[in-house]
Each structure stands twice: as structure tokens, then as C-alpha cells.
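Subject: Handover of a structure and its findings

Dear colleague,

Please find the structure below, together with its sequence.

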Amino acid sequence: MGEAPIRSRGGLKCNELFQFAVHVVKGRWFTVFASFLIMAGAGATYLFGTYSKVIKSTLGYDQSTLNLLGFFKDLGANVGVLSGLIAEVTPTWFVLLVGSAMNFTGYFMIWLAVTGRIAKPKVWQMCLYICIGANSQNFANTGALVTCVKNFPESRGIMLGLLKGFVGLSGAVMTQVYLSIYGNDAKALILLIGWLPAALSVVFVFTIRTMKVVRQPNEVRVFYHFLYVSMVLAVFLMAMTITQKFVAFSHAAYATSATAVCFLLFVPLFIAIREELVLWNLKKQPPTEITIEKIEPPKTEIQPPVSSNKEEEEKTTTSCFLNIFDKPPRGDDYTILQALLSVDMLILFLATLGGLGSSLTAVDNLGQIGESLGYPAKTVNSFVSLVSIWNYFGRVFSGFVSEALLVKYKFPRPLMMTLVLLLSCIGYLIIAFPAPGSVYIASIIIGFSFGAQLPLLFAIISELFGLKYYSTLFNCGQLASPIGSYILNVKTTGLLYDREALKQLAAKGLTRSAVKELTCIGSHCYRLSFIILAAVTLFGALVSFVLVIRTREFYKSDIYKKFRENAEAGQTQKEEKH
């Protein structure tokens, strides 16, 4: 980490500009920049609260129908197994194009419906449209995120934190863009969500691809530069979001804000060009050093026994189903079935069911919580903004800090997940037993812990089960999220809230038919629900600690050794060719 980068002072000649431009576009760092932009457009599901009101009013839906749409939105956003399986057998450009087509089709159909350009669709059709549109983000995730993890395997935690951080900011980014282009028109926001992410995937479709890993000495330092840019972007978006709630912006002011956001999104491009220029100049230099300096150590491998040929034959004839239970060591490439049927994956599933399921439930109910505790509408919006911004900070923190602790102190990533889940329990208990202004603190804790969980989950899956089938496995890993959300949100929190609201109606001598919608006021409305969420999350933390114990020896070893050796072998071959 502390190694100084090798810098070359060679400049660019005019006749080299085109060749250098091609070199940049084909480079690993440009792939990272392109992935940041795709991720910044891949969080349309976070804007559902903004445009759901216009769907409700124009199509005449009641709240339960709107909640059904919301469920199908979450279902599409979290069930990404299809994109993973497609990515196993097709190139990255095909995955991105499929995602782009799905995104445009799903949201464009919704826009046609709310603007009255087509006949009013049936509810199941609207559910299908929003499910297809939301599912498209999994194709963007699989195409960009998996590719970057494979291109930078030794910095996977950092990479995941940054990419998921940009997804966390995407809602705020797209809000600024739509306000500057269309003004405060929620129908136009649906159109923007349809064409912008689709266009980004199409523009960068051939630049995002898996490349041979060649580690640079200053790699981590470059990622920190990306981090600083994203933090400036996050703080700027938070400042604009809060300011726009209290100050009436003109169209010119919105345009200025969106221009600043776009500029900050393109700063990583300048960093990518800078790094590619260094590599370009080094590539041009004549080899003045002895390149055979790296002498391969003598082979110390144990000679295979005589019976090894028979064993090889047995392995090739073994049924794939028998092979499921013949698992390789942790860190090697598992098959999809070996990983899914392993105890480690079951533990991760249970921890995610409790952790992410509770977090999604808390975030979805934040507006109602503020209302039940008597906060004004503007303050409730501030809670949502706090969750969004701290969601971002949680993502980049868990990515960068877990990577640094792992490399420096062999601190296991599952232990970081346990600590994050314990932290979120505190947030839930603050809501269960609120004090004046305590929801601000709870919003920060819940947003941070929610954001921190996904990069940790994705990194742990890549470390334990290898990168060969990572496209499918990381999508399978987040399947527990919608299941947990359905059990804890729809079947637990929603029912308990309605029960408390009915009690209040009965106390006033009213029946359910006397009011349009059930509303509960008071700190008791969510008390039992959030005590249950805290208990479920505590269970998830204890389960994840079991994984800490099971993997302690694995994380004490050098888990990146094989990637480093592969990179060195690739570099040696490259030098020998020259």
C-alpha cells in the first residue's frame, strides 16, 4: 500500500493522441470509470417513493394496490439469479444490452400508462412492467460489478464498496438531473428512469469486459482518489437535497446543480486518463532493466503418488451430483450447486434474511414512523435523505475499512458483518423506545448499517466460493433480502401497525369502514415491530459469528496469494514477449 508509484515523465506527441485514446478506452481504469457511471444510473428503485404518488393518482389505485406494485419492484430488484446465469454463458456486452432493453421496456410502458398514451393496464400488467424494469438493475450490477471484481481481485472489498456506493447515490443523482431537464414533473421522472440508465449501458457496452490482472503498485492509492471524489459528490448531493427542501430553486439553479453533479461524475475519468498515461509512457520506454530478475523458486510440489492417474479417471467419471458434496477448500472455485448447498452459504442466507430483511423493513416504514411520532412532513423527508446519504457512507466504509483491516491485521470480514448487525440493533431499539429527536440518530445508524451489509456479503461470497461462478453466486446471495422483507415488513410490521391503528379507532368508537386509511399516532405504533426487528437482527449477528468461527483459519491465511501469483505470472509472460 505504501509503495510509491513508478512515474514516467514522457509526454504525448500529436500523432500518438488517437493511439493513446484507444489505449485509454481499452484500459482497466476506463472500465472502472464506465462502471461508476452505470452504477450511478442503476438505483431507479430508490426513486419509487417519488413517482409512486403519480401512479396512484393517474391510475386510481388504492394504497394496497400501490404496496403490491412496491413488492414487485423489490422482487425484481433483488432476484438477480437470471442475470447471473446468463452472465455465465454469454459475454458481458450481451448482459448489459439485455439489461438496457429490460430497463427501457419496463419503465417506458409505465410512462405510457401514467401519461394516458395507452389504455389503462390491468394491475398484473403494471406489476410485470415494474418488475421487469427493476430487474434490469441486476443485469447492470452483474455486468459492471462482477467484471470489476474480477479485474481487481486483490482490491475487491474496495471495489464493491465504491460501486455499491455509487448505486446508493444514484437516486439523488437522477433527481438532480430530472429537476434540471423536466422540472418538478414526476411523470417525466419515469421517462428519465427509462432512457438514461439504458443509454449509459449501451454507450459503455463494449468497454466493460474482463481483462488479464496486472497489479499496479499504486492501485489502492488510486482507489482512494476515487473515494475522495465520491465523498465530495455525496456531500454536495446532501447539501443540494436539504437546500432544495427549504429554498425555491429556479430552473437555472437546478441546471447549475445538475451540471456540478455531472462534472463530479466525470472526475474519475481524469483519474483514469492520468493512470493510463503512466502505463502508456512505461510501455514506450525501452527495456533498460534486466527483466529476468524474477527467478522462479524451485518447485516444491509433492510428487503425485502412482495411483493419481486412477484418481483422475475416477474424478472425471464421478457424477456431478456426487461432486456436490466433494467440496474444494475455501477460496477455491466452487460450482454453483456446491456453493448453494454448503453450510457457509446457509449461514450467510440466515444472516442476510435477518439483517437485510430488517433493514429494508425499517427504511420502507421510515415515513410512517415519522408521521406516527408527530414529525412534520419536511422533517420526515430529512430522515429519508439521512438514510440515503449514510447508506452511501456505510457502503464505502465497509468496502475500504474491511479491506484495510483484512490486509493489515487479517481481520475476518464476517466479523465486520457481525459488528454491523449489532450496530443496526441499536437503531431499531431507538425507534422502539424513542426520545425527542432520536429518530435522526436512528436514521443515521439504520442507513449506515443497511449500506454496509451488501458490500460485505458480496465480498465474503467471492472470498469463500471463488470468482469462477461469482455472477450467479452473488445474485443468489441476496435472495434472502426480499424474503426477509416480505416476512418482516408485510407479514409482521404491517399487520402489527394495522392492529394498533384499529385499537385507536375502537377507542374513538369508530369502525374500519368509517375511515379511508388506517393511521396510528404514538410511540407504541411501531414498538413491538421494532423490538422484533432488533431480535431478528441479533439472531442474524449470532449466526454470522458462527461463520467467523468456521472461517477463522481461512482468513488467517493469505487469501489473495493465488491472485498475486497469477498477476506476476502474467507480467512475466508479458515481459518475455517484449
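Predicted model: local features only at pLDDT ≥ 70, side-chain atom pairs only at ≥ 80, totals over all residues.

Residues are numbered from 1 along each chain as its sequence is written, and side-chain values use heavy atoms, with hydrogens and water left out.

Overall make-up

The protein chain has 24 helices and zero strands. Both are DSSP runs numbered from the N terminus (helices: H or I, at least four residues; strands: E, at least two). Of its 578 residues, 53% are buried. Buried means under 20% relative accessible area, exposed means over 50%, and partly exposed lies in between (1.4 Å probe, protein chains only). Contact means heavy atoms within 4.5 Å; among contacts between residues at least 6 apart in sequence, 83% join residues at least 24 apart.

Helix H18 covers residues 413–432, and its 20 residues should span 28 Å at 1.5 Å a residue; the end C-alpha atoms are 29 Å apart, which agrees. The expected span is 1.5 Å times one less than the number of residues. In H18, 15 of the 20 residues are buried, so this helix is largely enclosed by the rest of the structure.

Ser438 belongs to helix H19 (residues 438–465). With 9% relative accessibility, Ser438 is buried. Its side chain reaches the backbone oxygen of Ala435 at 2.7 Å. Leaving aside neighbours within four places in sequence, Ser438 is in contact with Tyr375 and Ile430.

Salt bridges

Side chains of opposite charge can pair when their charged atoms come close. A salt bridge is a side-chain nitrogen of Lys or Arg within 4 Å of a carboxyl oxygen of Asp or Glu, and the count by this rule is nine.

One of them joins Arg550 and Asp344, with the closest N and O atoms 2.9 Å apart. Arg550 lies in helix H22 (residues 527–550) and Asp344 in helix H15 (residues 343–364), so the pair ties together parts that are 206 residues apart in sequence. Asp344 is buried at 4% relative accessible area, whereas Arg550 is partly exposed at 36%. Arg330, Asp344 and Arg550 are linked in a network of salt bridges.

Another joins Glu553 and Lys556, where the closest N and O atoms are 3.7 Å apart. Both residues lie in helix H23 (residues 552–556), three residues apart, about one turn of the helix. Glu553 is exposed at 52%, and Lys556 is exposed at 54%.

Aromatic pairs

The structure holds 30 aromatic pairs. Rings of Phe, Tyr and Trp (its six-membered ring) pair if their centres lie within 6.5 Å; planes under 30 degrees apart count as stacked, over 60 as edge-to-face and the rest as tilted.

The rings of Phe104 and Phe108 have centres 4.9 Å apart and planes at 15°, so this pair is stacked. Both lie in helix H6 (residues 92–114), four residues apart. Phe152 and Phe223 form an edge-to-face pair, 5.2 Å centre to centre with 80° between the planes. This pair links distant parts of the chain, 71 residues apart. Phe152 is buried at 1%, and Phe223 is buried at 0%. One aromatic cluster is formed by Trp29, Phe36, Phe152, Phe166, Phe223 and Phe226.

Yours sincerely

Technical notes:
Polar contact = N/O pair within 3.5 Å; in protein donor to acceptor, adjacent residues only side chain to side chain.
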